[in-house]
Amino acid sequence: MASTIEPIEVRKGLEGVIAGDTAICHVDGERCQLIYRGYNIDDLIGKVSYEEVSYLLLYASLPKRSQLSDWTDQLVMHRAIEPEVLSVLKSLPVHSDPMALLRTLISVMALYDPEEESNTVESNRRKAARTIAKTATLVAAISRLAQGHEPISPRADNSHAANFLLMLHGEPPSQEQARALDTYFVLLAEHGFNASTFTARTVSGTQSDFYSSIVAAIGSLKGPLHGAAGRKAMETLIEIGSPDQVESFVQKTLADHKRFMGFGHRVYKGDDPRGKHLKALAKGLGIETEQGRWFTIAERMQEAVFKAKGLHINVDFYSAPLLQALGIPTELFTAMFACARMAGWSAHILEQTLDNRLIRPLARYVGPRELRVVPIDQR
Ligand code: SDX
């Protein structure tokens, strides 16, 4: 039934518009709280792994031990990349943006899924496990090839986070490092109707396939106003170079009317609730890896930007020194965000598919009207 309601107000960027219901996540902008399926992120941190949280997001309850074991077995089974996909990866320009390579490779791996076009709950949950597992392997392989090394095959006897660090660095991480990355994955797993998730839902809303929704979401997350802010924040810390240069950098950014990467949020009216956990991890790892200078600069910047413009940090700000302390190349930061968010995207694709209505908003037309066509030689 076509809408007969005339749009009375345009909300640019859909700011403040409630575009649908979800039972997956609540982003409470006023209280600055983040809730996954009824659990406050502050209560989940330190108690559950990314494997448990990805199950929670997809199945709507924390897993029993047997369910976690089955789910973990599924993720492990899907870790390896098909040889055909790996050979495509090796044929691509290896120094391309890792998000562009990931966008391409998810499309390629979709072609090797016999159920690519199926939209049943079972097939989409299997695709979720396959995509969550393989994205980590693909991202590590992308980085290894960019550094001139051969990709390292996944193992089956470690956690998702530990396995990623092993495939990236070629040696097993410390417990502290694996726990830090696992916590990063938990914190960035899901965030309501953010731009990339809403993109995935819009594609799912047309009854298109799971992989098309994921590829579209990757394209959205790639932008510097969204997932690429962490990489930009790290580049900022490197540009500043030392804590005593923070104030002059902040003043110059303000004078140039530029944005502070890792600051501000469309929904949170205060500090992003994920920020304090990422800050603590970045501080601890910074000391352990003697990379504490980046944390010191970041902390000084957080104070200076808040003082100068009242801006609060978002999830990307302390993700930067944390990922840097884990030895993850800066150009890989957005792809790390994609690794984590695969769980949230998958859950929203399932939810949209289960209770779908085509997403098609109205636009207020502001262009010319009643023009008459004239022959080309008279234009
Ligand atoms: C993520 O939506 C999600 O949930 C996303 C996310 C998730 O988990 O999925 O949380 C992840 O994307 C976090 C955001 C990462 N992006 C950045 O860090 C890029 C820098 N931040 C901004 O560009 C901005 O804060 C946004 C895009 C995040 C939000 O912007 P809004 O809501 O559109 O706000 P706005 O651009 O209208 O800014 C309002 C005012 C403006 O001042 P005036 O021009 O009106 O005087 O605040 C200023 C802006 O200039 N402002 C900033 C700023 N953010 C807002 N000024 C300088 N630096 C900033 N970062």
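**View 1. Hairpin of strands S1 and S2.** S1 and S2 form a hairpin with four residues between them, strands being DSSP runs (E) of at least two residues and helices runs (H or I) of at least four, numbered from the N terminus. In the turn, Cys32 has a positive phi of about 55 degrees. This is a predicted model, in which local features need pLDDT of at least 70 and side-chain atom pairs pLDDT 80 or more, while totals for chains, interfaces and linings use all residues. Residues are numbered from 1 along each chain as its sequence is written, and side-chain values use heavy atoms, with hydrogens and water left out. S1 (residues 25-28) and S2 (residues 33-36) pair in the antiparallel sense over four bridges; strands count as paired if DSSP finds at least two bridges between them. Val27 has Leu34 of S2 as its bridge partner, and Cys25 stands opposite Tyr36 in S2.

**View 2. The three-stranded sheet.** The sheet is open, with the order S1-S2-S3 and antiparallel pairing. S1 and S3 (39-40) are at the edges with a single partner strand each, so one side of each has no neighbour in the sheet.

**View 3. Helices H2 and H8.** The axes of H2 (residues 50-59) and H8 (residues 175-187) come within 9 Å and cross at roughly 15 degrees. Axes are lines fitted to C-alpha atoms, for helices over the stretch in contact, and angles run from 0 to 180 degrees between N-to-C directions. The two helices H2 and H8 are therefore roughly parallel to each other (under 35 degrees; over 145 is roughly antiparallel, 65 to 115 roughly perpendicular, the rest oblique). Tyr50, Glu51 and Val53 of H2 make the contact with Asp182, Phe185 and Val186 of H8, contact meaning heavy atoms within 4.5 Å.

**View 4. Helices H5 and H6.** The axes of H5 (residues 98-111) and H6 (residues 121-146) come within 10 Å and cross at roughly 135 degrees. H5 and H6 are therefore oblique to each other. Residues of H5 that meet H6 include Leu101, Leu105 and Met109; among those on the H6 side are Arg130, Leu138 and Ile142.

View 5. The structure holds eleven aromatic pairs, counted when ring centres of Phe, Tyr and Trp (its six-membered ring) lie within 6.5 Å; planes under 30 degrees apart are stacked, over 60 edge-to-face and the rest tilted. One of them is the edge-to-face pair of Tyr59 and Trp71, at 5.9 Å centre to centre and 75 degrees between the planes. Tyr59 lies in H2 and Trp71 in H3 (residues 65-77), so the pair ties together parts twelve residues apart in sequence.
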